[in-house]
Each structure stands twice: as structure tokens, then as C-alpha cells.
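Reader: I would like to learn how to read the features of a model, one at a time. Please take me through this one.

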Amino acid sequence: MEFLSDIASLINSTLRISTPLVFAAMAGIFAERSGVIDFSLEGKMLMAAFVAAVGSYFFGNPWVGLLMAIVACVSLSMLHGFASVTHKGDQVVSCVAINILIIGLTTALAAAWFGQAGLTPTLTNEQRFLEITLPFADALQNVPVIGFIYSDIISGHYIFVYLAYLSVPIVYWVVFKTSFGLRVRAVGENPSAVDTAGINVFTTRYKALAINGVLIAFAGAHLSTAVNANFFREMSAGRGYLALAAMIFGKWHPKTALIACLLFGFTDAMQIRLQGVELPMVGTIPVQLIQAIPYVLTVVLLAGFVGKAIAPSAIGQPYIKER
Amino acid sequence: MVSPILELKDINKSFGHVQANKNINLIINKGTIHGIIGENGAGKSTLMSIVYGLYQADSGIISVNGKEIKLKSPRDSIENGIGMVHQHFMLVENFTVLENIVLGFEGEIIFGKNLEKAKTDLKNLCDTYNLNVDLDSIIADLSVGFRQRVEILKSLYRGAEVFILDEPTGVLTPQEVDELFKILRSLKEEGKTIVLITHKLNEIMDLTSEVSVMRQGEVVGHTATESTNREKLAEMMVGRSVLLRINKSKVETGDVVFKVENLTVKDDLDVTRVKNVNLEIHAGEILGLAGVTGNGQTELLEALSGIRQVESGEIYLNGEKISDNSELLNPRELKEKGLAHVPEDRQRMGLVTDFKAYENLIFGYHDQEPYSKSSIMKDNKIIDYSKKVMEEYDVRPRSPHLITSNFSGGNQQKLILSRELNESPKVLLVGQPTRGVDIGAIEFIHQRLIDMRDRGAAILLVSVELEEVLSLSDRIVVMFDGNIVGERVNKDVTDRELGLLMAGVA
């Protein structure tokens, strides 16, 4: 039985850890499929975490915090669009600027408002999202197999976990089965083809960026108002970059990006479990080494196994109509 | 019975200080094939981009069927029955034919019924106009000829009455051109109007009933095609009389100076692009290499000029091995041995376009006396030299300090030629010497190449312009899918025969 509960807890932490990655990767898919590089997932996630925590704290309702996080992230996406779509600036530079800005801004604002650099007050249970116990979870607890799967694995997650995995088929469906998705993909491959079809290239990219902002806000809110009960400095901890790597690993495709996110989540869950465990012959592996596993995996996967990830052809290029 | 379908009045358009279109007046009659001819940079494409709503005119009036229309985006033009097949196809390569065609006109938010209906409609259109396109194939898998049909089908589906085709034959084999012309004629029979933009005189004579000539942003003449001829049109285009045929004397060829044995070359994606190619070029000979773009010519030229490592096989210059799979002389060493290279892509490989003309002229000699002493460049010497060559090669304007990108395509090409021919090379590799070059400069460049040959140089001419290969070469080889599929002596070959070889069917 202990073995089973070990497995359940490993699966649960994988799902939980992957959640912000999934949101961020889906957000990245929208931006990059439309031809706009999004390195600023990291910064936006951090911003969302901060705004969600602050919003929840002041208004006493985590949903208000989430809503404010969405507004903040969509604004940042629009800023990125204004610099790199409208004014044809370098997309990477614009993203790096956003990331640096947000690290400083969140720390400074936290210090100004709460007197602690980069830390917001702890949220009460009313001010944050709690784990949801699905109906009948307790009743089914002791039914063999089904009970284990339903009560121990499917039930008992934060709302964001469910939303994240729900977002994957929705993103797939929007990108591949709707006219809007067709236009988004076309504008990332050959904006001239879209322009000559009489569709505004810039508007299409802005729309994609807006969706990107909404999705990434969920990732941040998950960090500060669900798994944690406050915001702390640089709490996104590279997840935005990891998600970007997962998206590339998944070849800009929701399904494969999801698999990549789960893989990263799984290695992270593993590394937590491995900390302090004594291995025969080797002894205790230093924590730092174990913590590096997901990042090393990223580098190895990207460098070796993905092969030629073919990006949308027009990615990173501002659309210039007149010569 | 003749009624104008499209009317342009006093159209003006400037890009910065350059006026691309000046007071253009043009009437296109319904149900005709109307040619617009002019050199590169004459403003034809700009004008048609205005008609298609891609660019907005600074001033002027556009009317369709006698009604003035405002064109703010291509959407407005499409709604007014104007369709355009661009020189560079406006297709998304990894989409299917169907997806490309419905893009922007999906008719529904979630794909379903309308997409099925579009399929049926498109199949009917294909049958009516004999277009024969598979709607489910991915664009990247289609040949250039088929992609062009997709573009035509796209315009048809969007309800075009006027079809603007911008340089449609540039990338086609002669057979594909025939097919295209058949399609255009059947469009005309169905009452559609066609505007054909081209710089090729033959096409105007073959296909059109009326022709307008553009020069330096202005329409300089209108005429019925039957009352003009190639020479008159060329004169109107250039503004002076031009030689359409090149005078080429017979020259005794010498020994083999350049030899390629069993050469195999891969591209950056590790795909074999040149397959076991053998070539010999004699002194005093121009060997023409014909072929449709993308059949390995680029990789072959790169391997021969020392830019790309060969996979297997050997290259000899004057009997001395210069490259095999273990060794590669770099372009500089090759230059010292008498090999010069005019690259296909002059803006990316031939020039640093952000540099001044004199800097580009001196590359490769910049560290040699008298232009440089103890690693310090002698600007005065270089500029004197630049003035001299610019005079000799008639580069306009003759200002060595001008940034290279400000020269026209023809003058940029002259800068490269003057640099590469400077030390009378024994072997000259030339790629697409007149791509995007105006007629006047073409004449000059061709004459220079002939002069080089007469002085005993061995020249490899790689060009997708069949006419160019035919008019310059002594011997012609055709490349298809990385192989040399045929060799002919120039005087007894026809363009039809070469066309079949280029298409890989002979």
C-alpha cells in the first residue's frame, strides 16, 4: 500500500508541477504560431503571480486577483506587440526588457506596499484557491482501482490543475479547427499570404498575443494563490523558459508540448523525492545536483533528441508591407 | 462592345524620395489580355500592388466598371473582382491547397459545412478551367507550376474578374509556360480579363492584344500588340535602341582548364543536391548550365567556388586538384590560382550592401599593394582605382562613396563583375548574372562575358533564364534533380528540347 501511495503522490506532484508549464506552453504556442517570439513568458508569469497575490490580499477574493493578473498579462502582451509588431522592434529584445522590468518592479512594489522587498503578506484560506475534492471522492475511496484513480489521483487538485489540462484540447481545437486558428498559423508562416487575402496581419498577431496574456496569467496565479499563499521574489524560477523549451520540444504543437511539460514536471517531482535519499554505493547526492536535473534535461533534449524543430517560418520577423 | 473594366487616372506613388509611379493613366478593357511591359524598377509591380490594395496611392483615382472605388486593403480589391498572382507566391508552404485557398474566406468560425462546400465548388472550377490540382496536397510538395495554378484557383474562388499576373513565367520551364498560357487563354474565353506584367517581349507578342509600356515610373506608350514588334517595344522600354541578339564570333577553344569529376555535394540539411556530376570547360568556351531553380545549381556553384565542402569527387583547375572530400582550397587561394566567382545571390554573397561602393570594389585586394601598406588601407589609392573601374564598367552613378544598396541591381552586378574580372581570371564561375538587371545592363554584362571568353577564359554560366543560356553559351548542359541530364552543342539545340530536359522528362 505504501508503494501505491508513493505512486499517487508522484503522479499528483507531477500534475501540479506541470500546471504552470502547461499554461505557459499553451500561451507560447499562440504567440509563436502567430510569428511573435515570446521569451517574456517568464516575466509575465512573475507579474501574474504578484498581481494575483496582491489582488487577492486587498479584495479578499482570489478570483479578483486572477482577473487582475489577466489584465496585467494582457497589457504586457500588448506592450510586447506594440514594440515588436507595430513598431517592428526586435522581439527578443522586447521580451528581455519585459523580463528585467518585471523582476525589478515586483520586488520594488512589494517593498513599497508591504515593507518587505519581494514578499507579499500571507493569504488566508479565503484569499486563495484551495484543493478541490470532487463529488463522491470520499465515498469511492475504498473501491478497488477506480477509487484509487478517482479519489487519490483525479480528485483533490487546485482548480488550475484541471483548467490547465482542459486548456490543451481547447488550444488544439482553436489552432487547428477554426478559421481564427488558420489565420494565426498562416500569419506565422507567411504574413504576406495573409495580407493578400485581405486580413490584417497586425490585428491577427495582437489577437493571438491577447490570448497568450490570458493563458499565462493562470500560470502565475497558480503559483501565488494556489500552491503558495503569497508572492516571493522571482518565484517563477525559470518556469517560463522551461515552458518555452517544452513548446519547442513539442514542435509548437499542443499535444506534444503537453507531453514535454509532463516530462519536465515528472523530473522535477522526482528530484524532490530524491533529495536526501541515500543511494547504494553513491551515498547522498547533493541537493544542488538533483535540482539541476530538469534544466540539464532541457538542454540535452533540445540539443540532442528533438532533432530539427521546425519553427513557424516567419517567427521573429516583423511584417513590413511597403519597401 | 469594348468596355473598360479597370481604369486608372493620375496615379502617383512615392517611396521616400523615389517616385515609383508618376501620373499613371491606364485603361484595361474587359475580356482582353493586356500586357504591361517595362524593365525592372519601371514601377509595374508597384502599380499593380496599388490596384490590388496592398499599397495606397498618394493620389489618383481607380475605377472598376466605371465606378470609382477606394482601395484600403486587398479585401476591397477582392470584393471588386480583382485577383493577383504575385511573382513570389503568396502561399503558406505547410498548408494544404484547400487551406490556402479558403484563408480569409473561410465563411465560418468552426470548420465544417462550408469547408465541404468550398471543396465541391473548387472541384467544379478545376474542371471548368482544366486546372487539375489536388486540393489536399501540401503546397511544399507541389512544383512551381502547380503552385501557380493554386494561386489562379485562389483568385477564381474569390470571384476575380480581373487577373493580374506579375512576371508569371520567371520560374517556369517552357512546357509549364505553355500550360500557363493555355489556362490564361481559357480564362479569357470565359470572359475574364487578364493583366500580364512582364519584361519578356516574347510573352507580350504571343499572348496579349494590347500592351502598355512603362519606363521610370511612367507609362510611355500604349499600343495594340498587332501593330508593334519586339524591337519597337524594346526601344520604348529602354528609351534607346538595343541589340537583342548578341554578336558572338567563333573562337578556337583551347585545352581543358576546369574539370569536375564525379562530384557529389550535400546541402546544409544533409540532402544530396549534386549527384555524381562530371564537367569539363575549355579555355575560350562558355559552358551554359540550364535548369529550373533548385535542382542543385546553387550547391554546385558553391562547391566549385570553394564555399562548400564536397562529399565525394574531385575538382581540377589547370590539372591541379583544388578540392575533394578531405581538402578544400578557400576562395582566396582559388582566386590566386585564377578562379573568379560571380555568386548567384549578389546581395547576400556578392556584396556587403551596407558598405560603400569602393569598399565592395576592393574586397579581396584590400590587403594588397598599392591599396594597402603594412595593413593600413590607402583610401586615396582605392578611390582612384574605384573611379577608374566605375568609368570602365559604366557604373551609374559614378560615386565610389555611395552606399552599395542604393545602386540598382544592374549597377550592383557591374560592381561585382569589375571586381571579379579585375585580374583576368582563367576560370570564371557566374551565377544568374542578369537576374533583376535591366535590359541596358544585360547587354553590357553579356558583352563583357563574351569578351572574357574571346580572351581565352573558361566560363561556367549558371542561369535559369533559358534565353540567356542559349544566346551566350558554346555548349549547354542541363541539370535536373542534381544530375546532368543532357549535353548539347549550342548551335543544334532548340529551347523546346532543353525545356524537356529541364523538366526531367527527356
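Reader: How many helices and strands are there in chain A?

Author: Helices (H or I, at least four residues) and strands (E, at least two) are DSSP runs, numbered from the N terminus. Chain A has 14 helices and two strands. Its radius of gyration, taken over C-alpha atoms, is 21 Å. The C-alpha trace spans about 70 × 45 × 45 Å along its principal axes.

Author: Two cautions. This is a predicted model: local features need pLDDT of at least 70, side-chain atom pairs count only at pLDDT 80 or more, and totals for chains, interfaces and linings use all residues. Residues are numbered from 1 along each chain as its sequence is written, while chains are lettered from A and ligands numbered from 1 in the order in which they are written.

Reader: What share of chain A counts as buried?

Author: A residue is buried if 20 or more other C-beta atoms lie within 10 Å of its own, exposed if 12 or fewer, and partly exposed in between; C-beta atoms are placed from the backbone. In chain A, 47% of the 323 residues count as buried.

Reader: Which residues touch the most other members of the largest nonpolar core?

Author: In soluble globular proteins, nonpolar side chains tend to be buried together. A nonpolar core is a set of buried Ala, Val, Leu, Ile, Met, Phe, Trp, Tyr and Cys residues joined through C-beta atoms within 7 Å. Here the largest has 220 residues, and those touching the most other members are A:Ala25, A:Ala48, A:Ala69, A:Ile216, A:Ala246 and B:Ile459. Domain 1 (4-238) and domain 2 (256-346 + 425-502) of chain B both give residues to this core, so it lies between them. Domain bounds come from an automatic or database domain assignment.

Reader: Which residues of helix 13 of chain B are buried?

Author: B:Ile382, B:Ser386, B:Val389 and B:Met390 are buried. They cover an arc (of the directions from the helix axis to the C-beta atoms) of only 100° around the axis, which puts them on the same side of helix 13 of chain B. On the other side, B:Asn380, B:Lys388, B:Glu391 and B:Glu392 are exposed.

Reader: What follows helix 13 of chain B?

Author: B:Asp394 follows, with a positive phi near 55°.

Technical notes. The radius of gyration is taken over C-alpha atoms; the globule rule is 2.2 Å times the number of residues to the power 0.38.
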